[in-house]
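Reader: Hi! I have a new model open and would like to talk it through with you. Could you start with the terms I'll need?

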Amino acid sequence: MEIVEIAAYESRRALDDRQVNPVTHWTGQRAPLVRITTRDGLSGLGEGCCEQDDTDAFFHQLRRAAPLLLGADARLIERVWNTLWALPARDGPEWAPPAV
């Protein structure tokens, strides 16, 4: 189950002005999505984590991580996770590497 493709998307939706918590008032939601496809044609879709106004940092880290994941066995989840966790932030926020 070799990883052969990593594609990134951004989901955006307007909120109806009723989603409120004591700290933040949201008018929209942005979420990074990642699709990983294997040589066998199987694919999985996952949602990344990021600050609402900083999806660019997530996608920057994903571009850095993708070459490390291409060719990896998708079944070895812990190995994939360890590869991503070890990726340093370098020029982005500290939350970005683990979020990918």
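Author: Happy to! Buried means under 20% relative accessible area, exposed means over 50%, and partly exposed is in between, with a 1.4 Å probe and protein chains only. This is a predicted model, where local features need pLDDT of at least 70, side-chain atom pairs count only at pLDDT 80 or more, and totals for chains, interfaces and linings use all residues. Residues are numbered from 1 along each chain as its sequence is written, and side-chain values use heavy atoms, with hydrogens and water left out.

Reader: Thanks! So is Phe-58 buried or exposed?

Author: Phe-58 counts as buried because its relative accessibility is 0%.

Reader: And what does Phe-58 pair with?

Author: The structure holds one aromatic pair. Phe-58 and Phe-59 form it edge-to-face, at 5.5 Å centre to centre and 85° between the planes. For that term, rings of Phe, Tyr and Trp (its six-membered ring) pair if their centres lie within 6.5 Å; planes under 30 degrees apart are stacked, over 60 edge-to-face, and the rest tilted. Phe-59 is counted as buried too, because its relative accessibility is 12%.

Reader: Nice. Can we zoom out? How many helices and strands are there?

Author: The protein has three helices and three strands, following the pattern β-β-β-α-α-α along the sequence. Helices (H or I, at least four residues) and strands (E, at least two) are DSSP runs, numbered from the N terminus.

Reader: In what order do the strands sit in the sheet?

Author: The open sheet of three strands has the order S1-S2-S3, with antiparallel pairing. S1 and S3 are the edge strands, each pairing on one side only. From one strand to the next, the twist averages 20°.

Reader: Remind me, what holds strands together in a sheet?

Author: Strands of a sheet pair through backbone hydrogen bonds, either parallel or antiparallel. Here, two strands count as paired if DSSP finds at least two bridges between them.

Reader: How many bridges join S1 and S2?

Author: S1 and S2 pair over eleven bridges. Ile-6 stands opposite Ile-36 in S2, and Arg-13 has Gln-29 of S2 as its bridge partner.

Reader: And S2 with S3?

Author: Strand S2 (residues 28–38) pairs with S3 over five bridges, in the antiparallel sense. Leu-33 is opposite Glu-47 in S3. Their hairpin has four residues between the strands, and Gly-41 takes a positive phi near 90° there.

Reader: How many residues of S3 are buried?

Author: Zero: strand S3 (residues 43–47) is hardly covered, with none of its five residues counted as buried.

Reader: What about Thr-37, is that one buried or exposed?

Author: Thr-37 lies in strand S2, and it is buried because its relative accessible area is 14%. Leaving out residues up to four places away in sequence, Thr-37 touches Glu-2, Ile-3, Val-4, Glu-5, Leu-42 and Ser-43. Contact here means heavy atoms within 4.5 Å.

Reader: Switching to the core: which residues touch the most other members?

Author: Of the 13 residues in the largest nonpolar core, those are Ile-6, Val-34, Phe-58, Leu-62, Leu-69 and Leu-84. Strand S1 (3–14), helix H1 (55–69) and helix H2 (77–85) each supply at least two residues of this core. H1 gives the largest share, six residues. A nonpolar core is a set of buried Ala, Val, Leu, Ile, Met, Phe, Trp, Tyr and Cys residues joined through side-chain atoms within 4.5 Å.

Reader: Where does H1 lie?

Author: H1 lies across S1 and S2, and runs at about 170° to S1. Axes are lines fitted to C-alpha atoms, for helices over the stretch in contact, and angles run from 0 to 180 degrees between N-to-C directions.

Reader: One more from that helix: why is Leu-68 called partly exposed?

Author: Leu-68, in helix H1, counts as partly exposed because its relative accessibility is 47%. Leaving aside neighbours within four places in sequence, Leu-68 is in contact with Thr-83 and Leu-87. The C-alpha atoms of Leu-68 and Leu-87 are 9.6 Å apart, and the two residues are 19 residues apart along the chain.

Reader: Last one: what share of the protein is buried?

Author: Buried residues make up 28% of the 100 residues.
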